[in-house]
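Please examine the sequence and the three-dimensional structure shown below. The report that follows describes selected features in turn.

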Amino acid sequence: MTAPTVPTPTGSARPARPALVRFPAAAGARVQLVCFAHAGAGAAPFAGWPGLLPEWTAVSAVRLPGRESRLREQPLGSLDAVADAAAREIAALPGPVVLFGHCFGAVAAYRTAQLLETGGRSEVRRLIVAAAPAPDATVGGTTHLLDGPGLFADLIRYGAVQDTPAARSLFALAEPAIRADFQALETWTVPEPAARPLAAPVLELRGADDRVLDPDGPGWSGWTTGGHRRESVPGPHHLLGHATGSLLTAIARQLAADLVPAPADRPRPPATAAPSPGGIR
């Protein structure tokens, strides 16, 4: 038996909560790093990042409806709706912006970057994607139509959850948001080839032990005119768990290269232990 798709809301009786969670940052931050999590997750996986990245980085995360403090809100189920909600708030941030997305979040971040660029936001400095195929690779998929056990089994395969009673209980709460995020990935209308590339450069990160993505796939090279680079980091497909330290090292290195910080700036040392990934474990 297949599950029903998630309806895209057309209105709400109450104002939606903000999508952007802004973590405390040092005064004079020189770049805004905005993070998009994997399917079903929100801001929690990134809560520890401000203390593990250079002090000149202000970290924010996107919390979509249907998860965390927005659990009672209807999930969106539309990639354009996700990107529009995020772009409206990101556009108000000061200074250069770098978008980071993991799995589902990578495609959501790409679409958000498109909206920001077409809306005149010239300071989208870079898109960093992790554990994600090219944005059109999942279109037409049927993961969002799987029944509950089938969807949970896919999450296990991706490494996003472990098959434990606690994880199954959390999945029961998060399932509508997870399903909506996969629906957004699998049903969005991909732009014509000429309209696909971002002006911002793209850094594509993959786990060295990734068994989900095709190592010979084209990746994201055709989705930017600003330069593309693929880098392998130690870890599996799902990089927001024990591999977070390696992921943060790669992100911090790229941020520093893009901004060329003055010698007086002292990046904090890389994480020696991964912060809690949040969500289902």
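Between which strand and which helix is Leu71 found? Leu71 is located in the loop that runs between strand 3 (57-62) and helix 1 (79-90). Helices and strands here are DSSP runs, numbered from the N terminus (helices are H or I with at least four residues, strands are E with at least two).

The model is a predicted one, in which local features need pLDDT of at least 70 and side-chain atom pairs count only at pLDDT 80 or more, while totals for chains, interfaces and linings use all residues. Residues are numbered from 1 along each chain as its sequence is written, and side-chain values use heavy atoms, with hydrogens and water left out.

**Overall architecture**

The protein has five helices and seven strands. Along the sequence, these elements follow the pattern β-β-β-α-β-α-β-α-α-β-β-α. Of the 281 residues, 53% count as buried; buried means under 20% relative accessible area, exposed means over 50%, and partly exposed lies in between (1.4 Å probe, protein chains only). The protein exposes about 12500 Å², of which carbon and sulfur atoms supply 56%. Accessible areas come from the Shrake-Rupley method with a 1.4 Å probe, and for residues only the protein chains shown count as cover. Among contacts (heavy atoms within 4.5 Å) between residues at least 6 apart in sequence, 82% join residues at least 24 apart.

**A nonpolar surface patch**

Leu71 is partly exposed, with a relative accessible area of 41%. Together with Leu170 and Leu173, Leu71 forms a nonpolar patch on the surface, and the accessible area of the three residues together is about 270 Å². Patches are made of residues with over 30% relative accessible area and no salt bridge; nonpolar side chains (Val, Leu, Ile, Met, Phe, Trp, Tyr) are joined within 5 Å, and like charges within 9 Å.

**Salt bridges**

A salt bridge is a side-chain nitrogen of Lys or Arg within 4 Å of a carboxyl oxygen of Asp or Glu. By this rule the count comes to 14 salt bridges. The table lists some of them.

| Pair | N to O distance |
|---|---|
| Asp258 and Arg126 | 2.6 Å |
| Glu204 and Arg206 | 3.1 Å |
| Arg196 and Asp136 | 3.8 Å |

The side chains of Asp258 and Arg126 meet in a salt bridge. This pair links distant parts of the chain, since Asp258 belongs to helix 5 (residues 244-259) and Arg126 to strand 5 (residues 124-130), 132 residues apart. Arg126 is buried, with a relative accessible area of 9%. Leaving aside its neighbours within four places in sequence, Asp258 is in contact with Arg125 and Arg126. Asp258 and Val98 are 160 residues apart in sequence, and their C-alpha atoms are 9.9 Å apart in space.

A salt bridge also joins Arg196 and Asp136. Arg196 lies in the loop between helix 4 (165-187) and strand 6 (202-207), and Asp136 in the loop between strand 5 and helix 3 (148-158), so the pair ties together parts that are 60 residues apart in sequence. Asp136 is partly exposed, with a relative accessible area of 32%.

Glu204 and Arg206 are both buried. With Arg230, these residues are linked in a network of salt bridges.

Is helix 2 largely enclosed or largely open? Twelve of its 15 residues are buried, so helix 2 is largely enclosed by the rest of the structure. The buried residues of helix 2 pack against strand 2 (31-36), helix 1, strand 4 (97-102), strand 5 and helix 4. Helix 2 is followed by Gly120, whose phi is positive, near 95 degrees.

A search of the whole structure finds eight aromatic pairs. Rings of Phe, Tyr and Trp (its six-membered ring) pair if their centres lie within 6.5 Å; planes under 30 degrees apart count as stacked, over 60 as edge-to-face and the rest as tilted. The rings of Tyr110 and Trp220 have centres 6.1 Å apart and planes at 70 degrees, so this pair is edge-to-face. Tyr110 is in helix 2 (residues 104-118) and Trp220 in the loop between strand 6 and strand 7 (228-233), 110 residues apart. Both Tyr110 and Trp220 are buried. Tyr110 also forms an edge-to-face pair with Trp223, at 5.3 Å centre to centre and 90 degrees between the planes. Tyr110, Trp188, Trp220 and Trp223 form one aromatic cluster.
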